[in-house]
Amino acid sequence: RGDKFVLCVAGDLMHDDINNNPDCGSYFLGATKTWMDSCAASVEGKLNCPSCSARVGRVSWVGFEAIKGRWITPAIMLTKSKVDVRRFTHADALGLGFIGGEERGTNEQDANEETTEQDAIDS
């Protein structure tokens with residue numbers, strides 16, 4: 001929460017309602033990010049911000065029960081109370097390097113999304 005290192009953007013989250021559930025204390029990612037490389041090699045481990053070393057989440061390749069009866073496997077999670085969500089326009093997020101141009105498609109719909117907003121989750 002102190003250094004504002006961007007851990008991921010909204011597009012990195014699992015496409016699942018669990019990330020919008022107020023009873024769940026974590027955001028679940030669909031895949032690991034490059035800053036997680038040292039931890040992601042382990043079966044389970046803590047995720048620390050690469051900039052300030054604060055604990056921001058955990059990874060478990062065997063899975064995690066997100067809410068009662070709802071198991072997420074693998075579980076790559078950022079703890080909601082340890083991170084902040086900031087909103088940027090797509091153009092600002094692209095300009096700041098939070099997302100890469102290659103992550104966008106080339107169809108007409110993507111070209112028209114220059115003014116849409118992009119959430120970034122940071123420490």
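**Exercise 1.** In this predicted model, find what joins the side chains of Asp16 and Arg70, and state where each residue lies.

*Solution.*
Step 1. Asp16 and Arg70 form a salt bridge through their side chains, with an N to O distance of 2.6 Å. The cut-off is 4 Å.
Step 2. Asp16 sits in the loop between β1 and β2, and Arg70 in strand β6 (residues 70-72). The two are 54 residues apart, and the pair links distant parts of the chain.
Step 3. Asp16 has a relative accessible area of 22% and is partly exposed. Arg70, at 30%, is also partly exposed.

**Exercise 2.** Which parts of the chain does the salt bridge of Lys33 and Asp12 tie together, and is Asp12 buried or exposed?

*Solution.*
Step 1. The N to O distance between the side chains of Lys33 and Asp12 is 3.1 Å, a salt bridge.
Step 2. Lys33 belongs to the loop between β2 (26-28) and α1 (37-40), while Asp12 belongs to the loop between β1 (6-9) and β2, so the bridge ties together parts that are 21 residues apart in sequence.
Step 3. Buried means under 20% relative accessible area. Asp12, at 18%, is therefore buried. Lys33, at 22%, counts as partly exposed.
Step 4. The count of salt bridges comes to 2.

**Exercise 3.** Which residues make the nonpolar surface patch of about 280 Å², and where does Val62 lie?

*Solution.*
Step 1. The patch is made by Val43, Trp61 and Val62.
Step 2. Val62 is located in the loop between β4 (55-60) and β5 (64-67).
Step 3. Patch residues need over 30% relative accessible area. Val62 has 49% and is partly exposed.

How values were computed:
Residues numbered from 1 in each chain as written. Predicted model: local features only at pLDDT ≥ 70, side-chain atom pairs only at ≥ 80, totals over all residues. Heavy atoms only, no water. Helix = DSSP H or I, 4+ residues; strand = E, 2+ residues; numbered from the N terminus. Buried < 20%, exposed > 50% of the residue type's maximum accessible area, 1.4 Å probe, protein only. Patch = residues over 30% accessible without salt bridge, like charges linked within 9 Å, V, L, I, M, F, W, Y side chains within 5 Å. Areas by Shrake-Rupley, 256 points an atom, 1.4 Å probe, with all protein chains shown as cover.
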